[in-house]
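Please read it with the coordinates open.

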Amino acid sequence: MLKNNPDVNYLSVENISKSFGERTLFENLSFGINKDQKIAFVAKNGSGKTSILKIINGNDTPDTGQVIMRKDIKMEFLSQEPNLDPELTIEESIFASGTEILKVIEAYEKALENPEDETAYQKAFEKMELHNAWDFETQYKQILFKLKLEDLKLKVKSLSGGQKKRLALAIILINKPDLLILDEPTNHLDLEMIEWLENYFAKENITLFMVTHDRFFLERVCNEIIELDNGKLYQYKGNYSYYLQKKEERIAAENASIDKAQNLFVKELAWMRRQPKARTTKSKSRQDDFYVIKEKAHSRRKEHVVELEINMERMGRKVIELHKITKTFGDKKILEGFDYNFKPGERIGIIGKNGTGKSTFLNMVTQTLPVDGGKVVVGETVKIGYYTQSGINPKEGQKVIDVIKEFGEYIPLAKGRTISAAQLLERFLFDRKKQYDFVDRLSGGELKRLYLCTVLIQNPNFLILDEPTNDLDIVTLNVLESFLLDYPGCLLVVSHDRYFMDKIVDHLFVFKGEGVVEDFPGNYSDFRSYEDSAEPTKAELKPVSDNKSWKQNNVKAGLTFNEQKEFNKIEKELQDLERDKAAIEKLFSDGSIADGDIEVKASELEKVLKAIDDKTERWFELSAKMEE
């Protein structure tokens, strides 16, 4: 009943509030999550997004209010810091997750040990069918392969932070929950993984509630957006494009209302000043209305639209030249004889799978990592600003404004104007009060924002950004994009954020692996269109390590991905055909077929027998290919 009712409520958040000391994150928030909704939760960094996710998941409690969840649903939570047993291997972590499908397989194994109990066997068999458990091993190995976790024997303690996050995601996807709560699911995924995850969510019946900064992901996955803005919740029944359109309309209406309130406020202020101290009932009512109008008139939004003419140091004709640079780590080839001369004002994005050497390339360009061969020549007038993934290390007891002033006091603009450190912080959503907060009180996203400001205040004419969008909220991303669109210098960016790349770069270096880098004259969407129009090649699934399993026929290296799918499907089809054959033969043997149906049933049996022969022949053909 539950599964077929699209209007069923899975979870209700009722009037929750949360404060830390004197700082109020949010107050009296209420919303619901219903079956089949795919909701994105959008808010500025530091406004309590992660706290709300933890409250929903039961890892934190609100100061007021409650979260009510339906008892008969299964919920999973993907956090930024997954809780995994460090002593287990990747595959052992899958089997330790307690997923329902493993219990179904265990019951089936027990039924096989007691074949005389036909009722128990039939029940176990039907559950295997219901959960599609026959292909469980193939399913989880395919998910792990897509998330680049091919070595199933690796222990969790030896995995990187990104690999642990991907393993936690894999376990959750394998468990197939009714409701999935996700905190930045695309972090630590390369573009190929992100696009695979998009397609996975599109075809799976999973209800989603997520925080993500990936706007392409929002556009393609979510069908509703809830925004927390200035302490209020706004709901938009549509994807990211619809949200942008409706939000713009809402802000325009709000501003028109505020303009009207301000005009009225001026008139009412004059009236208030003329009033005698003793108030009549009528004037008291008008006085109360005045304070409502005053509050509205002073609530004008602070929009951080960046329109800067940055006056950076002049760049000469020689920028950065790469002459046949080569780099390897052991047997892993990163670059081999790569040549490129950067031109003034170029805006280049770098994309490629994780581990292909994108960050290594940036370190060689900035000469923080030596090349094995060739040389890097940096022009005399080049001033590099480098935003790395390592982040910022402020001193203990420092305030936000003090951190940025260590790197610069202002950025020069055209016509002798300047933008001060405080003004830059304001543009990046640190209001004057926040600028005098201690840095250790900032959220992870706010720290990244501050780090960006320390790089920009130095006024580089060659700006290098390594994954600048990680942990930044959508509001900050829009501010950063506006700033970079006005930025006149060279720009070199590594990012998995496709929306961001489309907006600010016009040229790509595509890292293919094994030292191959493709120079592509366009942005990310141009590249995807080009790739999609190219002739597809048959990708072969990499071999996976053997393991002891309830299933005899493991995935083999000798088959392509589609052949492996076909092989597993044939096994299932043969079981169904043998069952059909036995049923028809039983009808003939006990004489229960009516005379008029004998010819029909005989024809059916002939078709079943032929199908069994054809499937069996193909099964042997694929089996032989496995052994090659």
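1. **Basis.** This is a predicted model: local features need pLDDT of at least 70, side-chain atom pairs count only at pLDDT 80 or more, and totals for chains, interfaces and linings use all residues. Residues are numbered from 1 along each chain as its sequence is written, and side-chain values use heavy atoms, with hydrogens and water left out.

2. **Overall make-up.** The protein chain has 19 helices and 20 strands. Both are DSSP runs numbered from the N terminus: helices are H or I with at least four residues, strands are E with at least two. Of the 628 residues in the chain, 48% are buried. Buried means under 20% relative accessible area, exposed means over 50%, and partly exposed lies in between (1.4 Å probe, protein chains only). Take the contacts between residues at least 6 apart in sequence: 68% of them join residues at least 24 apart. Contact here means heavy atoms within 4.5 Å.

3. **H3 against H4.** Two packed helices are described by the angle between their axes and the distance between the axes. Helix H3 (residues 100-113) and helix H4 (residues 118-130) pack at about 150°, with axes 9 Å apart. Axes are lines fitted to C-alpha atoms, for helices over the stretch in contact, and angles run from 0 to 180 degrees between N-to-C directions. H3 and H4 are therefore roughly antiparallel to each other. The cut-offs are under 35 degrees for roughly parallel, over 145 for roughly antiparallel and 65 to 115 for roughly perpendicular, with the rest oblique. The crossing of H3 and H4 is left-handed. A crossing is left-handed if the near helix is turned anticlockwise from the far one by less than a right angle, and right-handed if clockwise.

4. H3 supplies Val-104, Ile-105, Ala-107, Tyr-108, Ala-111 and Leu-112, while H4 supplies Ala-120, Tyr-121, Ala-124, Phe-125, Lys-127 and Met-128. By class, the contact of H3 with H4 has eleven nonpolar residues, no polar and one charged. Ala, Val, Leu, Ile, Met, Phe, Trp, Tyr, Cys and Pro count as nonpolar, Asp, Glu, Lys and Arg as charged, and the others, Gly among them, as polar.

5. **H6 against H7.** The axes of helix H6 (residues 161-175) and helix H7 (residues 191-203) come within 13 Å and cross at roughly 20°. H6 and H7 are therefore roughly parallel to each other. H6 passes H7 in a left-handed crossing. On H6 the contact residues are Arg-166, Leu-169 and Leu-173; on H7 they are Met-193, Trp-196, Leu-197, Tyr-200 and Phe-201. This contact of H6 with H7 divides into seven nonpolar residues, no polar and one charged.

6. **H1 and its end.** In helix H1 (residues 49-57), the buried residues are Lys-49, Ser-51, Ile-52, Leu-53, Ile-55 and Ile-56.

7. **A buried arginine.** Please look at Arg-215, which lies in helix H8 (residues 215-221). Arg-215 counts as buried because its relative accessibility is 0%. Leaving aside residues up to four places away in sequence, Arg-215 touches Tyr-240, Ile-474, Leu-477, Asn-478, Glu-481, Asp-497, Tyr-499 and Phe-500.

8. **Tyr-10.** Tyr-10 sits in strand E1 (residues 9-20). Tyr-10 is buried, at 2% relative accessible area. Met-69 is 59 residues away along the chain, yet the C-alpha atoms of Tyr-10 and Met-69 are separated by 6.0 Å.

9. Most residues other than glycine have a negative phi. Gln-367 has a positive phi of about 65°. Gln-367 is in the loop between helix H11 (358-365) and strand E13 (373-378), and is partly exposed at 48%. Glu-514 has a positive phi near 55°. Glu-514 belongs to the loop between strand E19 (507-513) and strand E20 (516-520), and is exposed at 56%. Glu-514 and Asp-331 are 183 residues apart in sequence and 9.6 Å apart in space, C-alpha to C-alpha.

10. **Cysteines.** How many disulfides does a search of the whole structure find? The search finds zero, with a disulfide taken as a pair of cysteine sulfur atoms within 2.5 Å. Cys-222 is buried at 5% relative accessibility. Cys-453 is buried at 0%.
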